[in-house]
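Colleague: I have the sequence and the coordinates open. Could you take me through the sheet, the helices and the aromatic rings?

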Amino acid sequence: AACRCSMEFLGKVYDQYAELWKAIIRPPRDTYEIKDLGPTVFSIENRTYQRTDISLQNSRGHTILCSHFEPIPSERVAERLPCVVYLHGNCSSRLEAVSTVPVLLPFNITVFCFDFSGSGLSDGEYVSLGYYERDDLAVVVNHLRESHRVTCIGLWGRSMGAVTALLHGDRDPSIAAMVLDSPFSDLTVLAEELVDVYVSFKIPKWMVGVAMQLITSSIRDKADFDISDLVPIDHVEKTFIPALFTAAYNDTFIRPQHAKRLYEKYAGDKNFVMMEGDHNSTRSKFFMDSVAIFFLTTLQCDQLPAPMPAAPQARGVEASPATQYTPPVPNPNQEGQGAPLPAHGAPRTPEEEQAMVQQALNLSLNENGNL
């Protein structure tokens, strides 16, 4: 009887461990149509922009689908402009980047986004939480450099995308700045924490080790990488790119202490911001404006020939006579999206918010140049 009970117990562990490895390398894949990205020509604040869709090939032969949002040629203030590459989360896609477009384009910062291999409309069956995604990013960065259309390049990553930025950053010091939203510090540690989330009953500590061996083996067999090799915290002590770290108070998928540990060990200029919400919450306008200020400073936008707009304010996307630019409707079940939540300590009136944004701008431009 005892043996039968033990076998039943192990069977339950095995069934639920299967859900865990899927959560790591094969979460629900975001599906969408190109039209969901909005019109290819659109207007924001009485200026006209365009979206160009291209495909690139990564080192594994997978086709990577990409989009570049930038001013139309007649309204481009310079042939080469700063560019932010947006890096989406593990069950998301380039659609996640659309919310950044009205935040960055008015400052003459172009936005490049793409579906990682294994995500969205790109080739590939599995994601690897940064292990292979960093090579996709390297292909994108090389493309942008060879295009001679960009100056400084910044990275804005969320979850898997933030880890990808960290894994790429220590080998590419030419990156000008990084925004790192909810990265994990060590995939093995994260997987052990997720056992508590995905296994619905209490298991002995020694059984956690067994489950981890099963997870590691399955991921190695299916996605061809070892989770023990994915340790972003080993990269931060040799990375000197200015970085803004952030995490959400109620994030139970990647707990905030991961971002905090990365921040504490990070070698370069850095800042850390906590916000309300969880792993999938829509980020507040105040946070988005703070990111715009960060990139405005670090991407040398003051060197562009045209005068910069005023500090960020509430801005909607205008419709041109021919097209209507409509950001995709947030999906609460998709990583990187969800119902809007206010930032921790966010102002309650436009006047208070503007004052806080101006204060953030002043701090980012202090005489020591610290972030």
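Colleague: Which residue in S5 is the bridge partner of His68?

Modeller: Bear in mind that this is a predicted model. Strand S3 covers residues 63-71 and strand S5 covers residues 110-114, and the two pair in the antiparallel sense over four bridges. In S5, the residue bridged to His68 is Phe112.

Colleague: Which strands are the edge strands of the sheet?

Modeller: The sheet is open and mixed in its pairing, with nine strands in the order S1-S2-S3-S5-S4-S6-S7-S8-S9. An edge strand here pairs on one side only, and that applies to strand S1 (41-44) and strand S9 (270-275). On average, neighbouring strands of the sheet are turned by 20 degrees against each other, direction ignored. The edge strands are S1 and S9.

Colleague: At about what angle does helix H8 run to S7?

Modeller: Helix H8 is made of residues 285-298 and lies across S4, S6, strand S7 (177-181), strand S8 (243-248) and S9. Helix H3 (residues 133-147) lies across another set of strands, namely S2, S3, S4, S5 and S6, and runs at about 160 degrees to S6. For H8 against S7, the angle is about 160 degrees.

Colleague: Why is the pair of Phe114 and Phe116 edge-to-face?

Modeller: A search of the whole structure gives twelve aromatic pairs. In the pair of Phe114 and Phe116, the ring centres are 4.9 Å apart and the planes stand at 80 degrees. Planes over 60 degrees apart count as edge-to-face. Phe114 and Phe116 are therefore edge-to-face because their planes are at 80 degrees.

Colleague: Is Phe116 buried or exposed?

Modeller: The cut-off for buried is under 20% relative accessible area. Phe114 falls in that class, and Phe116 is likewise buried.

Colleague: What is the relative accessible area of Lys260, and which class does that give?

Modeller: Lys260 is in helix H7, residues 256-265. Its C-alpha atom is separated by 8.2 Å from that of Ala247, 13 residues apart along the chain. Buried is under 20% and exposed is over 50%, with partly exposed in between. Lys260 has 34%, so the class is partly exposed.

Terms used: Residues are numbered from 1 along each chain as its sequence is written. This is a predicted model: local features need pLDDT of at least 70, side-chain atom pairs count only at pLDDT 80 or more; totals for chains, interfaces and linings use all residues. Side-chain values use heavy atoms; hydrogens and water are left out. Rings of Phe, Tyr and Trp (its six-membered ring) pair if their centres lie within 6.5 Å; planes under 30 degrees apart count as stacked, over 60 as edge-to-face and the rest as tilted. Buried means under 20% relative accessible area, exposed over 50%, partly exposed in between (1.4 Å probe, protein chains only). Two strands pair if DSSP finds at least two bridges between them. Axes are lines fitted to C-alpha atoms, for helices over the stretch in contact, and angles run from 0 to 180 degrees between N-to-C directions. Contact means heavy atoms within 4.5 Å.
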